[in-house]
Amino acid sequence: MKYLDLFIHTNKRKKNWLACLQLLLFMLALSCNNSQEKETKTEEDSVTVVQDIASEDSALIFENNADKWLDLSLHNNAGTWKKFKLKEFWYEESMQKKYFKPEPGFYKDYAPLLKWSPDSSYILDIGTYGKVLVKDKMGNTKIEDGEVDTKASLLFPKADSSAQLIFLGASGNFIDGRWIDSTHFFILGVFDEKGNQQPDTLLWVIDAKENFFRKYKLQ
């Protein structure tokens, strides 16, 4: 009788253990499914955000005929903008401004590298950093390379200050810059990020008011 009771008790424990194991496996499978669904939802949301940003930038560009400027800057006939793909976007909490009081003649001498916003609140500086002024045989002032590093800055002429936007070091260069409206501007450049002598053509779209940066890459 004792052996029978022991057998029944042991059998019940096995059934209970199996039931617990089945429940545990079910909960684990359910958790994995939920995790996969969340990851899929996150990826879908990320793709949607990228598409929305690119769509808004496209509207901004075509409304202001900036696509034509892009074609001319890259010596292409047409449709260059469609070949750019959004790679990164981010917000800066604030611009890290530094005191900047240029010498007399700065704005005139470096005019080709300085792009004023339509309301003159900002100046996009696409490369005065590292440049030097020299006189040619005719006495005309020319801009030549000095330092090898390259950076773009945003100048605030009314506040005597400046803020660094993009630093490319010695591995890149800026081709051109353009204001789209009073707060948005383009910076077009090349950057050999991988150091393989095959620089990428990049386009930054920046909102000076909201400190919102978007970086596109030519495919």
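These notebook entries record what I looked up on a sheet, a pocket and a cavity.

**Basis.** I worked with a predicted model, in which local features need pLDDT of at least 70 and side-chain atom pairs count only at pLDDT 80 or more, while totals for chains, interfaces and linings use all residues. Residues are numbered from 1 along each chain as its sequence is written, and side-chain values use heavy atoms, with hydrogens and water left out.

**Sheet.** I looked up the strands (DSSP runs of E, at least two residues, numbered from the N terminus). I found 5 strands in an open, antiparallel sheet, ordered β2-β8-β7-β4-β3; strands pair if DSSP finds at least two bridges between them. β2 (97-99) and β3 (114-116) are the edges, and each has a single partner strand, so one side of each lacks a neighbour in the sheet.

**One pair.** I then followed β7 (residues 150-156) and β8 (residues 161-169), which pair in the antiparallel sense over 7 bridges. F156 stands opposite S161 in β8.

**Pocket.** On a 1 Å grid over the protein atoms alone, a pocket is an open set of points with protein on both sides within 12 Å along at least five of seven lines, and lining residues have an atom within 4 Å of a point; a cavity is a set where a 1.4 Å probe fits but cannot get out. I noted about 210 Å³ of space in the largest pocket, the volume being that filled by probe spheres set on the points, which are joined across faces, edges and corners. Of its 13 lining residues, K151, S153, S162, A163 and Q164 are the closest to the centre. β7 and β8 each supply at least two residues of this lining.

**Cavity.** The largest cavity has a volume of about 30 Å³. I listed its lining as F100, P102, Y107, L155, F156, P157, D160 and S161.

Notes. Helices (H or I, at least four residues) and strands (E, at least two) are DSSP runs, numbered from the N terminus.
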